[in-house]
Amino acid sequence: MDIVKAAQNRLEQLNVEKAKLESFLHTALELQSDLVRHKVERPVVTAGRSEINPRIRVGERKPPKSGAIYDTAMAARDYMLANGDGRKTRDLLPVIQEKGIEIGGVNLVATLSARLSQSMILELKEGKWFILPNAGEKTAD
């Protein structure tokens, strides 16, 4: 008798789980159909002749003229002008820190590399930083 009772209890548990899964599937199918309908009915936002894509920049990005990225890149640029370019990020880190520029983050070398790559003053070639032509020169806006 104990085996029969245990089997009946297990069957009841499975039926409850089945009902939950069926409810979940029903909800999932409704959401899926709503999503498909939303994609079809969604209007396309346009500006002039081109479709707007928020992940693509409109216009040219200008190099920074102040702030942490600018200060970091200019310190690296000044060092490389005096000592030659073609420097690795890890070799520039103590130079930047000696200038009193704080480099935050968990990985200081990665943070420094990110700043230098955003500066538009230096470029990375084969793991070494080089000064871009006309980089850091003051221009009339």
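Axes are lines fitted to C-alpha atoms, for helices over the stretch in contact, and angles run from 0 to 180 degrees between N-to-C directions. The model shown is predicted, so local features need pLDDT of at least 70 and side-chain atom pairs pLDDT 80 or more, while totals for chains, interfaces and linings use all residues. Residues are numbered from 1 along each chain as its sequence is written, and side-chain values use heavy atoms, with hydrogens and water left out.

**Figure 1. Overview of the protein chain.** The protein chain has 4 helices and 4 strands, where helices (H or I, at least four residues) and strands (E, at least two) are DSSP runs numbered from the N terminus. Along the sequence, their pattern is α-β-β-α-α-α-β-β. Of the 141 residues, 18% count as buried, that is, under 20% relative accessible area with a 1.4 Å probe, protein chains only.

**Figure 2. The crossing of α2 and α4.** The axes of these two helices come within 8 Å and cross at roughly 90°. This makes α2 roughly perpendicular to α4, a term for angles of 65 to 115 degrees. In α2, the residues A68, I69, T72, A73 and A76 meet L112, R115, L116 and Q118 of α4; contact means heavy atoms within 4.5 Å. The residues of this contact divide into 6 nonpolar, 2 polar and 1 charged. Here Ala, Val, Leu, Ile, Met, Phe, Trp, Tyr, Cys and Pro count as nonpolar, Asp, Glu, Lys and Arg as charged, and the others, Gly among them, as polar.

**Figure 3. The crossing of α3 and α4.** Helix α3 (residues 89–98) and helix α4 (residues 108–118) have axes that come within 9 Å and cross at roughly 85°. Helix α3 is therefore roughly perpendicular to α4. From α3, T89, R90, L92, L93, I96 and Q97 meet L108, V109, L112, S113 and L116 in α4. By class, this contact has 7 nonpolar, 3 polar and 1 charged residues.

**Figure 4. The buried side of α4.** Which residues of α4 are buried? They are L112, R115 and L116. These residues lie on the same side of α4, because they cover an arc of only 95° around the axis, taken from the directions from the helix axis to the C-beta atoms. Their cover includes α2 (68–83), α3, β3 (122–125) and β4 (128–131).

**Figure 5. The two ends of α4.** At the start of α4, a side-chain oxygen of N107 reaches to within 3.1 Å of the backbone nitrogen of V109. After α4 comes M120, whose phi is positive, near 60°.

Terms used: Angles under 35 degrees count as roughly parallel, over 145 as roughly antiparallel, 65 to 115 as roughly perpendicular and the rest as oblique. Buried means under 20% relative accessible area, exposed over 50%, partly exposed in between (1.4 Å probe, protein chains only). A polar contact is a pair of N or O atoms within 3.5 Å; within protein, one must be able to donate a hydrogen and the other to accept it, and residues adjacent in sequence count only if both atoms are side-chain atoms.
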